[in-house]
Amino acid sequence: MLATTIILPTINYTAILPELIMLGGMLVLLGLVAVIPRDFSTKTYAGLTQVIGTASLVSSLVLWHDVAAHGAFQAVAQAVDVDGFSVFFLVLVSAILIVAPAFAADYLHDEGIEGAEYFILALIAGAGAMLMGAANDLILVFLALEILSIPLYVIAGLNARRATSGEASMKYFLLGAFSSAIFVYGIALTYGATGSTNLADIAAFLSRNVIATPGTLYAGAALLLVGFAFKIAAVPFHMWSPDVYEGSPDGVVGFMAAIAKVGGFAAFLRVFVSALPTLSSIWEPVVWVLCALSLIAGAVIALSQRNIKRMLAYSSINHAGFILMGLIALSSRGVASSLYYLFAYSFIVLASFGIVTVVAKANSGSAEIDAFRGLGRRSPVLAVFFAIFLLAQAGAPFTTGFLAKFYVVSAAVAAHSYAIAVIAMLSAAVAVFFYLRVVLVMFSGSETEDAVGTPEQHPIVLSRWVWSGIMACAAATVIFGIYPLPLINFARAATLLFR
Amino acid sequence: MLHFAFLIPLFPLVGFAILAPVGKRIGNPAAGWIATAMVFASFIVTIIVLAKVASMPADSRLYVQNWFTWFSSGSLSIGAGIQVDPLSLTMASFITGIGSMIHLYSIGYMEHDEAFPKFFVYLNLFVFSMLMLVLGENLLITFLGWEGVGVCSYFLIAFWFTRDSAASAGKKAMIYNRIGDAGFLLALFLLIERTHSLTFTTIFSRLSSLSKGELIAVSLLLFVGAAGKSAQLPLFPWLADAMEGPTPVSALIHAATMVTAGVYLMCRVSPILHLAPDAGHVIAWIGAATAFIAATTGCAQTDIKKVLAYSTVSQLGYMFLAVGCGAYDAAVFLMLTHAFYKALLFLGSGSVIHAMHEEQDIKKMGALCKVMPLTSLTFFIGWLSIAGVPPFSGFWAKGDVLSNAWVVSPALWAVGALTAILTAYYMGRQYLLVFLGERRWKSEGSEAIHPHDAGWKMSAPLIVLSVLATFGGLLNLPFGSKLAFLDSWLAPVVGASLLHNTDSTAQLWFFGVADGVFALAGVAIAYSLWRNVVDRSVLEPRFLYMAWFIDSAIDRLIARPSTALAAFSATVVEPRVIDAAVNGVAGAFRLSGQRLRRIQTGYVRSYALVIVSALVLIVAYFMVRSGL
């Protein structure tokens, strides 16, 4: 009988410090909630979450400094990559966790969802998303995926008093579990074909060997692809997202949309670009089809939506199509443009859902397009900001939205993927229609048109929290839209140091 | 010292940034003082930088300050930054110098206007844009400034937008400028295509990659842009209408600075023009024709500002004549002196209009010299200066242009000389009708007015400008290279492209005497014809009053058919063709959207089914590719 010993890897804690801060902060919060006699207000928790996010942002930037100075390295038994790519996601996720609580603090309080649950879950999801970008091992990717997803299922069902919230949570959970199973199966087959779950080893194995009967490997790749496509809500694996976004509590949807896409794309890009580039001639056509379908269906179905949350859900699907274009280009320029797009998208979507939340609240919970009628007169400043974010999504110049679209399209053109570039631009043209429709409704006459169901015409009062969130997102959208170079250089460096 | 150059455009921008949000709260007149102070601060910095540059050796007088890379795409990289050299500093110093005086004047002029702070918001934004235009280190920054001044010009022409005429004049300026801008943009595209750069220094070092035809194309396309901005044939009618704006605006934008942007652009790209002499001939002839036609038109105008507007067009024509001949330093010289005396004349006319309670018809004025001695005197200096009477500044600048024109073609010289006589004549007519002769306004009764010189804020700029208009010629005297300060100052920028002018001293004397005679002849004719007479309809034919019917012709041949086409499009093409197609497409999209929506049943089982179906398809595809 052989005595088997488990060899524990040495762990370089500084390499995973941002993730540890997230999880540690979460534990502190959890412990705090357990010992204090009476719950603090949600604002306190939101503030603490922002502090944790800031700490993790600082440690991410320190890590960035290390990577820029000494080059990329691996840690924890080669399971974690610390390179420009992973640090980009560390920074982005930290920033999302600084901004997102601002939109949730007051909303949760007003909805009667007291307590720290949301913030604790958000921190766990954040740590998951960070690991998605850093994972260099399919097993870790899977773990990260679950760490990211399970809190999101719970967040979707946070508002226990509303049936829709429970429905959203259940749907998200069932379909998410379904896709996770597919994903794990993909890992198993890939491991069977290559003998490793380590991404670098897989890539090395595939570049060294020609596999005579690649059926197992291809099936594994196909299942991995489907798993990721579900997470990023690419058509036809998107169907959960409008239902989930519509049913979930308003104030947290922006966070869910941002973090799920960021995490999903982080691992998607990492696995397919760094582990499976040798198979690109096989998977690229499939990604092309998913991309084209997302671009078209996202834009077209959004046209017929009357509910702004659903419209934004479909427009997110459209955005997913754009981000996929960077993968199709299969160049470092393409990946850089995807990263830029993710950055731009995260803040735009956070703020858009944040504004929808406050407007819906002022209209007794309705996020139908009629709730926005006459907003330009009712709360002009808020309407202007919403217009900025909608126009940014439509790709108006002087916003990050424009440059994001410009960069992915030009990366696709540089890779001679002309057809997808044309499809993308046409879908953007269709998309402009539904974004502008909301802008038009906000600023066109309100008194005459809706005698029935007139929204209350007193201005919408926003708390300082929501304002701070909107201002931060607007700053990120406009400043990097006019002067994009630092962000572009960051995204470029992220792919240059790609291992 | 040069590092502070970024402050030059920054000050007016700060002024704009302060006044735009809180100008209303700051109010009248503090908002005006802030704006004026900002432009003046910028002037001080300009002078300091200018002194520093002047102290450096001639061939190193180029300082490019690159702030950051604005964007880069492929081989094209566009920086945001400024270029400090003799040409840009010359422009910046008179923009800020004259600009601050006109700001000061405006505090008095706009005193009673309700939108007083808004006026200064626009003025500061204008000065900022104009400075970016002239200081920009590449054509794209110049173009941004170009558009910025265009927009400010639009805002300020239509400042009193409740008047229909002002609103439509603003639109007219905008549309004419758009035509020019199209030319400008096409030139930029061609340059990007051939030289992969828009930075001036880089473009000029790569001109060999352009063919002869392309050089001509770039030159002429840029000239189209310049013609739009600087009101040259046939794009000049907007400038006369632009007089709807407040008079300080006419002085600053539509006389001294913005309209000379085209001339600046031509001087800036002189290395390109130098390689395309054919384009130069076209420019010279269009300039000469514009100068002549506008001068004749000025002879028949009755609106005090319209006379000045056409005179501006005519003087700009002179400048393009110089540019086309390759005499860039003469063009800049005339631009400078013109800025002095034309700003002076406009501000003087503003004082008159102010004193006459918004009356602008020179036939209803007369004998103002007794009640407005200061305005009268300064306007008199302006007249003699623009007429080219020695030793006022206009004499030297115009002489410089004409002697260069002679070298290229005596015919160009003849047109210029004829225009010089006309200039002295129509400005004399205006002066005599406004300030001398009989009083034609009521000083008693219910509609009585009591014109008088304005307060110090409006008078001080008049005095300063009249001093400049008198002695401006000292900048560039034609007596040897030691006294030709401006020529040697500009030599590092335009020297290599200059026309070779080898006039002997005798020739110079001949031209000088001739110019003086032309000017005095024009003055004498005006004096003999208009001293005591108000109406000479023979000399004011409708043909000239209507500017050779060019505006009407454009209106009839282009504007009206275009309007008809637009109306046709709006009533027929738009609803029946485009709307039908768009609605059809939109309907199709919406229908397919609704169809697709039906798949979205809300049932988890059907979603799972879709996922599985797609999964099967994808796996099947992978299997086929694996060769199973």
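Predicted model: local features only at pLDDT ≥ 70, side-chain atom pairs only at ≥ 80, totals over all residues.
A: Residues are numbered from 1 along each chain as its sequence is written, chains are lettered from A and ligands numbered from 1 in the order in which they are written, and side-chain values use heavy atoms, with hydrogens and water left out.

Q: How many residues of chain A are in contact with residues of chain B?

A: Contact means heavy atoms within 4.5 Å, and in these terms 41 residues of chain A are in contact with 29 residues of chain B.

Q: How many salt bridges are there between chain A and chain B, and how many does the structure hold over all chains?

A: Side chains of opposite charge can pair when their charged atoms come close. A salt bridge is counted when a side-chain nitrogen of Lys or Arg lies within 4 Å of a carboxyl oxygen of Asp or Glu. The count between chain A and chain B is zero, whereas the structure holds 23 salt bridges over all chains.

Q: Which parts of the chain does the salt bridge of A:Lys361 and A:Asp110 link?

A: The side chains of A:Lys361 and A:Asp110 meet at 2.7 Å, N to O. This pair links distant parts of the chain, 251 residues apart, with A:Lys361 in helix H13 (residues 332–362) of chain A and A:Asp110 in helix H3 (residues 84–111) of chain A. Helices are DSSP runs (H or I, at least four residues), numbered from the N terminus.

Q: How do the axes of H13(A) and helix H16 of chain A cross?

A: Two packed helices are described by the angle between their axes and the distance between the axes. Axes are lines fitted to C-alpha atoms, for helices over the stretch in contact, and angles run from 0 to 180 degrees between N-to-C directions. The axes of H13(A) and H16 (residues 400–414) of chain A come within 9 Å and cross at roughly 160°. H13(A) and H16(A) are therefore roughly antiparallel to each other, a term for angles over 145 degrees.

Q: Which residues meet in this contact of H13(A) with H16(A)?

A: Among them are A:Tyr340 and A:Ala344 in H13(A), and A:Leu403 and A:Tyr407 in H16(A).

Technical notes: Helix = DSSP H or I, 4+ residues; strand = E, 2+ residues; numbered from the N terminus. Parallel < 35°, antiparallel > 145°, perpendicular 65-115°, else oblique.
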